[in-house]
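Here is a short briefing on one protein model. Keep the sequence and the 3D view open while you read.

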Amino acid sequence: MRDRLFIDGRWVAPKRGGSLAVIDPATEAVIHQAPAGTAEDIDAAVAAARRAFDDGPWRRAGGAERGQALRAIAAGIRARLVELARLEVLDNGKPLPEAEWDVGDAAGCFEFYAGLAEAMDGAGPEQIALPDPRFVARAVREPLGVAGAVIPWNYPLLMAAWKVAPALAAGCTMILKPSELTPLTALELGVIAEAAGLPAGVLNIVTGTGTDAGQPLCDHPAVDKLAFTGSVPTGAKVMAAAARDIKKISLELGGKSPFLVFDDADIEKAVEWIMFGIFWNQGQVCSATSRVLVHGAIHDRLVERLVAEARRIRIGNGLDAGVLLGPLVSDAQRTKVLAAVARARADGATVATGGGVPAGLPRGYFVEPTVLTDVPLDSAAWREEIFGPVVCLRRFADEAEGVRLANASCYGLAAAVMSADLDRAERVAAALRAGIVWINCSQPTFTEAPWGGYKQSGIGRELGRWGLDNYLETKQITRYVSDDPWGWYIK
Ligand code: NAD
């Protein structure tokens with residue numbers, strides 16, 4: 001585990017010498033002291049990224065060269081997959097098989113953007129047809145500049161990959177600020193990037209708190225673009241900071257995603273997708289389908305099966321074989337989730353199962369898988385993100401009501417619909433106001449496909465070719481090709 005920051009290709013102690021206690025959420029033991037960067041370290045990191053962008057070889061290198069470096073990073077991640085996954089479990093608490101998916105996906109993300117970087121070489125400029133034959137014009141894509149990335153704790157390495165890979169593919173340079181709760185794998189990414197031969201200053205990694213390192217990064221005038229994933233309130237601060245000097249921004253924020261289950265759906269399949277949609281990663285998933293709307297004709301049967309399966313989930317240390325639900329990331333997160341359940345109960349929801357701390361686990365930030373039914377529409381549980389293993393259910397009578405209830409949210413990240421009638425599923429998918437719609441499933445995520453939200457769930461899209469666009473500027477180059485004077489005053 002690292003105790004230095006990665007700035008300008010070197011491992012340096014934070015200028016103020018501070019540290020962050022890293023706590024294993026399954027045991028509550030302090031397992032490491034990570035470096036706590038502050039504004040001075042951010043200054044050094046931004047200066048390094050600025051130099052590397054303005055004067056260094058990175059943005060001038062061809063896409064093939066950048067692609068090669070990204071492939072080397074992917075290989076470095078794959079070579080250490082199990083070790084990195086175990087670090088992720090110690091940091092975040094998630095079950096090891098899920099951490100292994102994440103780390104594999106992070107490597108896959110670097111491979112995907114390596115491919116897009118390589119494709120940039122052959123793409124050439126886009127010729128623009130103009131109505132005036134005295135001009136020829138083309139549009140070229142260029143790297144946007146120095147990017148600052150601020151990421152959350154729920155998928156530490158994967159969220160880093162979603163930002164670092166497209167930024168580097170585009171030719172940008174970057175400062176990455178991981179969550180203070182989960183700094184371990186981001187620092188390892190620095191080790192891997194260094195071994196991959198990335199030029200100094202292209203990727204800088206500063207761990208620290210949101211206040212001491214995140215805010216100074218967002219406020220820094222020499223940063224051209226901010227890429228943020230996290231909560232809506234912090235997203236609003238990032239946007240406000242960006243507004244001061246019109247930095248480009250992309251925001252991936254929270255959600256309260258609906259899952260509509262129609263009366264012709266297979267109840268067993270629906271139960272598995274509902275469970276996966278809210279209990280994987282302990283429900284600490286921005287796209288978690290946490291509001292489940294079930295057609296009245298099957299509601300009671302589905303709830304019975306859901307409760308039975310939720311009670312069978314094995315809870316424990318994410319490193320233990322067979323565990324499906326680990327601890328939440330922190331004591332504060334557990335307190336927040338338990339308070340949300342208590343408030344839901346007070347607001348009139350029924351706790352069909354769970355709602356408390358599991359028996360037999362005296363240490364660790366565990367919460368039982370929780371199913372809330374008849375959740376009032378105006379309750380906080382129905383409207384606000386809980387970010388824990390808590391699913392809210394309600395019944396609906398027909399398609400129109402289901403869609404109306406699904407869309408009645410300030411969020412619009414994801415949505416899911418389950419029905420044997422594919423025409424209906426497609427009709428509902430078209431009517432849902434969300435950036436991601438899953439039909440007959442919930443949560444599968446592909447690097448190739450756009451990711452991001454409508455409404456307060458964010459601005460812009462990550463992943464796929466859309467993710468690369470976040471880090472590119474478009475320039476038009478227009479040439480006057482006529483020998484005639486322009487004719488403003490020379491006739
Ligand atoms: P958070 O907003 O508390 O923190 C996110 C990051 O912002 C952390 O690195 C934190 O240190 C930093 N930060 C905090 N204050 C800051 C400030 N003033 N200026 C700059 N940076 C600051 O969120 P979290 O608790 O880490 O993550 C959970 C949230 O993230 C949830 O709301 C979840 O829905 C969202 N999320 C969204 C996506 C998505 O793709 N849409 C993915 C994962 C998580």
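This is a predicted model: local features need pLDDT of at least 70, side-chain atom pairs count only at pLDDT 80 or more; totals for chains, interfaces and linings use all residues.

Residues are numbered from 1 along each chain as its sequence is written, and side-chain values use heavy atoms, with hydrogens and water left out. Helices (H or I, at least four residues) and strands (E, at least two) are DSSP runs, numbered from the N terminus.

**Helix α2**

- Helix α2 covers residues 63-79, which is 17 residues. At 1.5 Å a residue (times one less than the number of residues), the helix should span 24 Å, and its end C-alpha atoms are 24 Å apart, which agrees.
- Its buried residues (under 20% relative accessible area, 1.4 Å probe, protein chains only) are G63, R66, G67, A69, L70, I73, A74 and I77.
- These residues lie on the same side of α2, because they cover an arc of only 160° around the axis. The arc is taken from the directions from the helix axis to the C-beta atoms.
- An α-helix has 3.6 residues a turn, so residues three or four places apart point the same way.
- On the other side of α2, E65, Q68 and A79 are exposed (over 50%; partly exposed lies in between).
- The cover over the buried residues of α2 includes α3 (81-92), α4 (96-123), α5 (156-170) and α6 (184-195).

**Helix pair α3 and α6**

- The axes of α3 and α6 are 9 Å apart and meet at an angle of about 155°. Axes are lines fitted to C-alpha atoms, for helices over the stretch in contact, and angles run from 0 to 180 degrees between N-to-C directions.
- That makes α3 roughly antiparallel to α6 (over 145 degrees).
- L84, L87, E88 and D91 of α3 make the contact (heavy atoms within 4.5 Å) with L184, T185, E188 and I192 of α6.

**Sheet β5-β6-β22**

- Three strands form an open antiparallel sheet in the order β5-β6-β22. Two strands pair if DSSP finds at least two bridges between them.
- β5 (126-128) and β22 (472-480) stand at the edges with a single partner strand each, so one side of each has no neighbour in the sheet.
- Neighbouring strands of this sheet are turned by 30° against each other on average, direction ignored.
- Nine bridges pair β6 (residues 135-143) with β22. A137 stands opposite T478 in β22.

- β3 (residues 18-23) and β4 (residues 30-36) run antiparallel, joined by six bridges.
- L20 has A34 in β4 as its bridge partner.
- Six residues lie between the two strands of this hairpin, and E28 in the turn has a positive phi of about 70°.

Terms used
Angles under 35 degrees count as roughly parallel, over 145 as roughly antiparallel, 65 to 115 as roughly perpendicular and the rest as oblique.
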